[in-house]
Structures are given as structure tokens and as C-alpha cells.
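Here are my notes for someone opening this one for the first time. Have the structure up beside you and go through the points in order.

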Amino acid sequence: MKVLVIGSGGREHALAWKINQSSKVEKIFCAPGNAGIAEIAECVEIGATEVDKLLKFALDQKIDLTVVGPEAALVEGVVDSFEENGLRVFGPNKAASILEGSKVFTKEFLAKYNIPTAPFGVFTESDEAKAYIDKCGAPIVVKADGLAAGKGVIVAATVDEAKEAVDLIMQDRAFGSAGNTVVVEACLIGEEASFIAFTDGKTVLPLPTSQDHKAIYEGDKGPNTGGMGAYSPAPVVTQEISDYVMENVMIPTVKGLAAEGRPYKGMLYAGLMIDGDKVDVLEFNCRFGDPEAQPLLMRIQSDIVDVFEAAIDGKLHEIDLKVDPRPTVCVVLASGGYPGSYTKGYPITGLEEARQIPGVVVFHAGTAEASGKVVSNGGRVLGVTAIGDTLGDALDSCYRAVDCISWQESYFRRDIGAKAMKRTEGDAAVVVGILMGSDSDYPVMKAAGDLLKQFGIGFEMTVASAHRTPEKAATYAKTAKERGLKVIICGAGMAAHLAGVISSHTDLPVIGIPLDASPLNGMDALLATVQMPPGIPVATMGIGKAGAKNGAVFAAKMLALSDEAIAAKLVEFKENMVKEVEEKAKKLESL
């Protein structure tokens, strides 16, 4: 079987990666693809919206199955063109894709079929939109009607900001013709989640739940992007909510579109706002989310080609979708300046090191090849994705891989999955940061993490060098407190004083772990950690793994001053040490 994937982003790389696992597939093409996709598929220089060229290519190559990734191609009518020429293609046609192509259509459709959504108004004149804003007050949401690459939604905190958003969309034409009409709607409160399903126009087959992170900055601040990270499952979507969404959103939408003469086949994505047991639809997308596709496709164990073909043939009811129970997470690495202007062409380093971490796949989004090197070629450049036994494990692996990768002006959020960690039973809020100068230090520093887990203390681990990446180390320290950290544990070898650098940039307590990384067997690191100037204290532990363990115990003791649960676990820990010594003594005495 020959398969064509249309698109060039992280979603399309994940699709090609999953399709490549099918025993039915002999050859994969991707138009236009990217540097990562080129490793598993033949990339052809045809744009995703060049419908006539795509059709000619598919006919010439006798493509057996085409999978459409981006919404622009769907709205442009690529599915209609392929179907009219007898080609098998997965995705909704142009008439059905209006669900994403026009926010006005979607809001009016939702109202018509009593599908829960925020109150709204539709305007073609800016003065009328502003009058509506004055009437409703703020906070309020302003949306461009058409496609805007995930950026055409502005949440305004004040009336003035909302009016500025209207001008930005309708007068400044920030999103081109997408802003001919605007939707102004009430600002809903709660937590966003993504509900994505396959459908053949009759059967709705839901995927696992997931959650995207739209805002550019940590803490969900700043302008919206196409997505800075995602994870699955999303604990905010309980089984009860999932059942409610299927019954009150997904199935009514598929039936309603059929009744409108717009039969829908493909991916149906509902963006939800969840506030307790209240659920509202924010938007619909007509394709896999990006970056939701990456963690979701990593969890799907069924042959994805079977699912696509069943949807095309109207036989989705025959599919038993098998899903890996383990959680997955994707962290997007973006170009500095995104979602505004940014520079392309920077060489990317560390990709091979990141791939070596178990459970990690690095999906390419905005990349290209230049002079034999992979370079940045877009706003969102990479989607580092990982699977783990727990969400904490997946996040640990993912961020270890993220910290291997760098290019000039790269940026990523370090709080992907934080909401889920707070909700997930057994996953504590992250309050300890474990920092190391190199990923080669991980086997030693992992001992600290293992003990923190034992105490039920949430932690994060990453790499930052005091000398090779000084700006990254300083930024980590300066932002640690606002990210919820209370203690930082630093491990570094030789005389590279990572702990001292971190301590100079934060008011949080810093614990230094000297590591054996030189012919001096760690004594140089120990002396460097001990000899701190007045006013910049670092608590110094012993060299190596024993020191890492003691660093975790010391951190736990500090946290226990205000946390009775940790204090109780420390008592238990001490009692267990006593028992271990007594058991060793008994064994020795019995010899």
C-alpha cells in the first residue's frame, strides 16, 4: 500500500510515524513534509493547499490512501477533489470542514442544535462589535471568523483590550480575510480540554482524553499559539464528563451535520471548557490537534491504517480501538519571538542525544535540512514526546530530552502537564528542582529523585551548565519561585560551580551535590561547593550518590517544617533505617 500524508508539521510527522508501523504500508509520501518526516517518508515539494498538484501526484503514483493533516487543505476542498477522482482519502469534505473554517457557522450551529456553548454575537462592522462589548463588559473573547492558524482568538481582560482586538482583526487585518467577520462571546471560566474522535458519519469512536496548552508563556499567560504542549489522558475529563460530551456534543454534532447536508467523515475535535460538571464547547477542529496528535498517536496500539479505512468505508463500528494505558506528554520547542516574528535557519543540536532517552520520540514540526544539518524553519519547531508508567515519569523523560536540544533563541514552557500533576492521585505538586550540569550526571542525581518520590514530594529534573549555558541556568533560578519550587538541588562535577550560580540568582535554599567527574575523584567539586562567598550560601552534601540521597533527605526536612505529611514520612524513613541496621546486625551475629 502507498500512503500520502498531506502537511508539514508535528502532527504530520506523528501520523507518518504511526502509519509506518502498519504492516500494510510499503511506501509513505509526504507533501511537503519536513526534515524529520524525510527520515521515514519521501517528501515531495507540493504545498498542502495546492489541490490540483496533489491530485496529479496521487493519480500518477497510484496512491492507495491519503491522510490529510492540516485544516487549510480540508477547507480548500482536497478531499472533494480526491474523492471525485476515485481516490481513497481520510478527512472531512469542504462542506463539513466549515465547522472549523467558520466560527460564525459553528456558533450558530451549536445554538441551533442546543449544544452547550457561550453566549455570543456575530458582527461584520467594528462599531457594532464594540457596542456589544460595552453592553457585555469584560472579560470577553473576540474571534476572527476564518482560519488563523490557531491564533485568531483573543481573550480580553478589559473592555478597551476587547475593542483593540476588534480593530486588530477587522481594521489592521492581522489575520487577513479571516477577520471579515468577528464573533464576540462570553469568557468562560474553568479548565480547557480536547475531546477528539474518529467518525464515519454515523459512528463516533473517541480517542483518549488530552489537554493542550495554548498560551505562549508558563502559567497560561501571553498570546495564544498553535499549542505549546499537550498530554494524555487529561484527568479533568472524568468518565462522567466523557459520557456527557459523547451524548450532548459529539453525537449531536455528527447527526446535525448530516441533517444539514454536510455528512462528516474524519477527525472531529471539540475544544471544551470544563468548570466542575459544566461543559461548554469553545470550538471545533476538523483534524487531529497539533500537538495533541503526538501524545495521542503514541498511545494508540491499533493499526491506524485499519481505523482510517474503516472510517472511509463507514465501518468504524467494527473497530476495537486498543490504547496503551500509560500516559504520554509532548513539549513543543519554539523559535524565539513566536507567535510573533522569528528568525529561521538556526542549526539544531542535541537531537540524537534526545532520541537515546527511553520512551522518547522527537517529532519535527518547523524544520528543514541545510548543508547536511537540521535547522529551524518555523514558529513551532519540535514536539518532544514521551511515554511513562506515570505522568511524572513521562514528564521526567520528556524534559530530559528537551534539555538535550538547543538552537539560538529557542523557547519552551516548563509547566506542561502541571495541572494534571495536581489532579492526579499520587502525583504531588512540583516543589523541588533537581538541576545537573550534564545528562551524564543523571544516574547519580536520580538517587535524589527516587528518595523524593518515596517522601511523596513532587520534583522536576533538568540540565543546565553554569558555564556552557549560563543564561539558561540563571533563568531557571530566577523563575523557580514563581513556578512553585521551594528547594533546588544542584549536582555538578569538577570546579564548575552550578550550585553557586543558582544560589546567586534565587532566594530559595540551594543544596549542592559534588560529583566525581575528574582525576581528583570529586574533591575539586566538593571544595568548590564548600567555598562560597558570604551572603551566597549553599548547603553542601557529600560526593556522589550518597550525597544526592542526603540532599533529598535534607530538602524533605526543610519542607517538613510546614508539611505534616512529609514530617510523618521522615519519621517512618528514620525508623526503617533503624530496622535495616538491626537486621544487618542480626545476620552478622548469626554467622
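**Notes on the model**

1. Start at Met250, which is in contact with Phe195, Ala197, Val204, Val245, Leu268 and Ala270, leaving aside its neighbours within four places in sequence. Contact here means heavy atoms within 4.5 Å. Before going on, note that this is a predicted model: local features need pLDDT of at least 70, side-chain atom pairs count only at pLDDT 80 or more, and totals for chains, interfaces and linings use all residues. Residues are numbered from 1 along each chain as its sequence is written, and side-chain values use heavy atoms, with hydrogens and water left out.

2. Buried means under 20% relative accessible area, exposed means over 50%, and partly exposed is in between (1.4 Å probe, protein chains only).

3. Now look at helix 1 (residues 10-19) and helix 11 (residues 304-313), whose axes come within 8 Å and cross at roughly 105 degrees. That makes helix 1 roughly perpendicular to helix 11. Leu15, Lys18 and Ile19 of helix 1 make the contact with Ile304, Val305 and Phe308 of helix 11. By type, the residues of this contact are 5 nonpolar, no polar and 1 charged. A few terms: helices (H or I, at least four residues) and strands (E, at least two) are DSSP runs, numbered from the N terminus. Axes are lines fitted to C-alpha atoms, for helices over the stretch in contact, and angles run from 0 to 180 degrees between N-to-C directions. Angles under 35 degrees count as roughly parallel, over 145 as roughly antiparallel, 65 to 115 as roughly perpendicular and the rest as oblique. Ala, Val, Leu, Ile, Met, Phe, Trp, Tyr, Cys and Pro count as nonpolar, Asp, Glu, Lys and Arg as charged, and the others, Gly among them, as polar.

4. How do helix 15 and helix 19 cross? The axes of helix 15 (residues 442-454) and helix 19 (residues 545-560) come within 8 Å, at roughly 30 degrees, so the two helices are roughly parallel to each other. On the helix 15 side you'll find Pro443, Val444, Met445, Ala447, Ala448, Leu451 and Leu452, which meet Lys545, Ala548, Lys549, Ala552 and Val553 in helix 19. That contact divides into 10 nonpolar, no polar and 2 charged residues.

5. Gly542 is partly exposed, at a relative accessible area of 37%. Not counting residues up to four places away in sequence, Gly542 touches Ile513, Pro514 and Gly547.

6. His213 sits in the loop between strand 12 (211-212) and strand 13 (215-217). Is His213 buried or exposed? With a relative accessible area of 4%, His213 is buried. Among the residues it touches, beyond those up to four places away in sequence, are Thr225, Met228, Tyr231, Arg413 and Asp415.

7. On to the backbone. Most residues other than glycine have a negative phi, and most peptide bonds are trans. A cis peptide bond joins Ala138 and Pro139, with omega about 0 degrees; Pro139 is in the loop between helix 7 (126-136) and strand 7 (140-144). Ser232 and Pro233 are also joined by a cis peptide bond, with omega about 0 degrees, and Pro233 is in the loop between strand 15 (229-232) and helix 9 (239-259).

8. Last, two positive phi values to check. Asn114 has phi near 55 degrees and is exposed, with a relative accessible area of 68%. Ser371, in the loop between strand 20 (367-370) and strand 21 (373-376), has a positive phi of about 55 degrees and counts as exposed at 80% relative accessibility.
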